[in-house]
Amino acid sequence: MDGGSRTNDVQVELDSVEAELEHLELQIAELLQKQAELTSRKNALVQQLEEACDAAQPSSSSSSSSSSSSKSSVADSVMSTQELKLYDGTDFPWSKDTEQHLKGSFRLSKFRPLQLRAINLTMSGKDLFLVMPTGRGKSLCYQLPAVCSKGFTLVISPLVSLMEDQIMYLKSINVSAVLMNASCSKEHTKAVMAGMTDPKAPFKLVYVTPEKIAKSKLLMSRLEKAYNASLLSRIAVDEVHCCSQWGHDFRPDYKLLGILKRQFPKVPLLGLTATATSSVLRDCQKILCVPQPIAITASFNRPNLYYEVRMKDSDSDASLSDIASLIKNRYKDQSGIVYVFSQKDAEVVSAELQKRDILAYSYHANMNPDDKSLVHRKWASNKIRVVVATVAFGMGIDKPDVRFVIHHTISKSIENYYQESGRAGRDDHPADCIIYFGFPDIFRISTMVVMENVGQQKLLQMVDYCQNVDRCRRSLMAVHFDEVWDNEGCNQMCDTCRHAKDYTTVDITQHARQVVQILELAASMDEKLTPLKLVDAWTGKGPAKRRKMIETTTLSRPQAETVIVQLLVQGYLSEDFSFTPYTTYFYMKLGRKACFLKNQSHTLRMKMRTKENGTAKVRAVVPPTPTGRQADKDTSTVKANEGDNTFDPIVPDNSCLPQHKQKLTPEHRNKSAKRKLNPVSQTDQWTERWTDRDKKLTDRCAEEEDKSGFIMSQHVFEVDVEINIMRNSGVSDAQKNPSHADKHCSRNESTAPQRVRQKGLIDDTQSLTVNSSPSQISIISDTAAEELCDLRKYYSKQLRRINYISHEYLGQSREPGVLACIREPWRNLRLPHRVKFSQTAWSLWTRVSGRRKVGQTEVRPVIHGAKE
Ligand SMILES: Nc1ncnc2c1ncn2[C@H]1C[C@H](O)[C@@H](COP(=O)(O)OP(=O)(O)OP(=O)(O)O)O1
């Protein structure tokens, strides 16, 4: 057996092993997915069973209302549900006192679910993590115990404004509380420090920032004294999720709070948060050095909130008009927040709403504090109805009658969304939470969170929440917050439950394959596509040359975007980032599951909205009646984002295949004739076309290398190639001094987009001779040099290839033209598997020639594929 055939055999076996491995990976992924589904189902069933057993056992607890809305995770190992229920009782030594202060000091008639349990647990000296939805009354769980205990409670809170709000409130109910932060006067700090060790306890709560704990040794020594005198009664860590890097608001100084439990082990610690998954809680437990905390997690559910996602119109004016129409009709005279992505957006959107006769003010971190507090006060007193705000308007906003929270741009994570939207309906009356979900917004946020630990992952979860019309919005949140959820619990208070009949499942396998094909093609051309370019390419926009090379889709642009988002969320596509000193670029690339699409049996489905909304009668949120119930009225007829949030059904048969823009070769015609005789399945056709394409590319390369000039055969592409020609007369200075031009050309190799034009080194009018061995010399005309330098700045890597390939490709040609050459060709240039120089040259030329008009004299050989 000769060397050649042995290599061949090895290659064949390698291909077969690779194919088998790919198949196995597919099976493994599918099995893993199945395993995840079953595990989640199993957990749900186990939990149901446990709850059934608990219910069957006699309970000594006096309160049952709270238990149904809670679950415990970290607590499981420490206390059984049964034991926990004991803490719902009112027969503790402190029960009378707490009851009295609840009504007397705090002027509240009764506890909300889980408040009593949390208070009893912390009063018993237990360490506790309390996860309770925003606005449910977590603060009471440490404020009331503080009032009922000897000494003072240390409260660690992330925001000074939040502390100030609380202190103002506590003062209004005659509970003494102080705060200490970096901007407090020396006298104030001294007085607070002294008060900490005063047995008369001049204050019941001391609020500090985590930074203060981390930085002030004096404070630690005072705390130690207070601890030794048994005056440090409790430590409350508000927004405890800030400890964990996996939480959505990680604050480095929270990581240092472990010192508290290490120094004061006997003091009960109470961590509070509205949003923390069990893994975040475990992280917090470790960071805070709490050996065996009890976790009480209230249901995340806010039954009075209606959740809705609307597709955002690509025309920003249209989406703003839609928001304005909602505010003026559905939420007439009611209070609300419009959350936006950036400070600039806050200003633009508020100005646009004002133009539409809505009294909306902007609010963002960059405003001066007086302006911020003015906006806050005016809004709180209903002098203005709408605040258009960034996330800076978040923690500590406690207006009870917020009837709507509209997200002009999606939040960066589900946790963030939950908190932001949770500002609505704190008075327990109905309120709406609406997101405007726009395709480009995903990538705006993506570049912002790229540096965050799990920023991308969290953003994709948020995108999934918006895109997914398969499941109740509450159930998606429940999964996120590790809560077992029964869909019935939604009570039609989300758009997917309310419009369930308007959705249908469609097969998007073929569409997915087209997208993958475009990205593969782009990769083979060493080109990166931004999400918008990808949609452009797929929907038939962009350079004519590219359109001819790909299968464009018949889907509308919003549908195409929906499919791409789905592929991204499901891992068929993934993100690729490129950093420059000035900005971050976001590109799409194939995801880990893209290879599955080559498997004929692999199908991909998604639910889409099929029914046109038309002029929708929408529920008008009317001010609550005195009984707290809100009447649902079909009074206002609003054009509810007409047509935007609906999709035509994507027909899951061959009719959805896009038109082929490629010219049919005789060979293709034969093939299609054969197909008519022997029909193959759609997937077969695809696979055939796919492998056909790969093979053709390889074949074409081989042929190209064999032949001189621009003769293409057996290829379906039709490409215009422009070549810069310099006339054959004389040798330039540059030619005599190759290094000169070389230097000129390679001076700036930065890939950062710059548009500095280079001054010519060579006279434009000079004519150059093409050397038979171009890689040995540097010939370059002024114009070509300028062109190359300019292009190099964009595509330095590709240009190296162009330069080199130009000579490989054009050097032997009979054409007297050469674009440029470089002294040292990139001998180690690594091209993707099976991609040859000529092929790469071809694609680069195609692209570059589409982008730039080069040179003084142009030859435009039109190469028609498939013309032998
Ligand atoms: N038992 C109760 N009965 C009636 N109102 C209550 C009760 N407990 C608290 N509240 C009110 C006080 C506040 O106006 C409002 C929200 O309480 P608060 O403690 O600020 O919520 P929270 O701390 O859970 O929200 P956030 O996560 O936004 O900080 O609820």
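In what order do the strands of the open sheet of six strands stand? The order is β9-β14-β13-β10-β12-β11, with parallel pairing. This is a predicted model: local features need pLDDT of at least 70, side-chain atom pairs count only at pLDDT 80 or more, and totals for chains, interfaces and linings use all residues. Residues are numbered from 1 along each chain as its sequence is written, and side-chain values use heavy atoms, with hydrogens and water left out.

**The sheet**

- Helices (H or I, at least four residues) and strands (E, at least two) are DSSP runs, numbered from the N terminus.
- Two strands pair if DSSP finds at least two bridges between them.
- β9 (305-311) and β11 (360-363) are the edge strands, each pairing on one side only.
- From one strand to the next, the twist averages 20 degrees.
- Seven bridges join β9 to strand β14 (residues 431-437) in the parallel sense.
- L305 stands opposite A431 in β14.

**Helices on the sheet**

- Axes are lines fitted to C-alpha atoms, for helices over the stretch in contact; angles run from 0 to 180 degrees between N-to-C directions.
- Contact means heavy atoms within 4.5 Å.
- Helix α15 (residues 414-421) packs on the sheet and touches β9, β10 (335-339), β13 (402-407) and β14. The direction of α15 makes about 150 degrees with that of β13.
- Helix α17 (residues 455-467) lies across β9 and β14, and runs at about 105 degrees to β14.

**An aromatic pair**

- The whole structure holds 13 aromatic pairs. Rings of Phe, Tyr and Trp (its six-membered ring) pair if their centres lie within 6.5 Å; planes under 30 degrees apart count as stacked, over 60 as edge-to-face and the rest as tilted.
- F300 and Y418 have ring centres 6.4 Å apart and planes at 55 degrees, so the pair is tilted.
- This pair links distant parts of the chain, 118 residues apart. F300 is in the loop between β8 (294-298) and β9, while Y418 is in helix α15.

- Angles under 35 degrees count as roughly parallel, over 145 as roughly antiparallel, 65 to 115 as roughly perpendicular and the rest as oblique.
- A crossing is left-handed if the near helix is turned anticlockwise from the far one by less than a right angle, and right-handed if clockwise.
- Ala, Val, Leu, Ile, Met, Phe, Trp, Tyr, Cys and Pro count as nonpolar, Asp, Glu, Lys and Arg as charged, and the others, Gly among them, as polar.
- α17 packs with helix α23 (residues 557-569) at about 135 degrees, with the axes 10 Å apart. α17 is therefore oblique to α23.
- The α17 and α23 crossing is left-handed. L460, V463, D464 and Q467 of α17 meet T562, V565, Q566, L568 and V569 of α23. This contact has five nonpolar, three polar and one charged residues.
- Helix α21 (residues 531-538) packs with α23 at about 125 degrees, with the axes 10 Å apart. α21 is therefore oblique to α23.
- α21 and α23 cross in the right-handed sense. L532, L534, V535, D536 and W538 of α21 meet R557, A560, E561, V563 and I564 of α23. The α21 contact with α23 has seven nonpolar, no polar and three charged residues.

**Helices α4 and α5**

- The axes of helix α4 (residues 115-123) and helix α5 (residues 140-147) come within 9 Å and cross at roughly 45 degrees. α4 and α5 are therefore oblique to each other.
- The crossing of α4 and α5 is right-handed. Q115, A118, I119, T122 and M123 of α4 touch L140, C141, L144 and P145 of α5. Seven residues of this contact are nonpolar, two are polar and none is charged.
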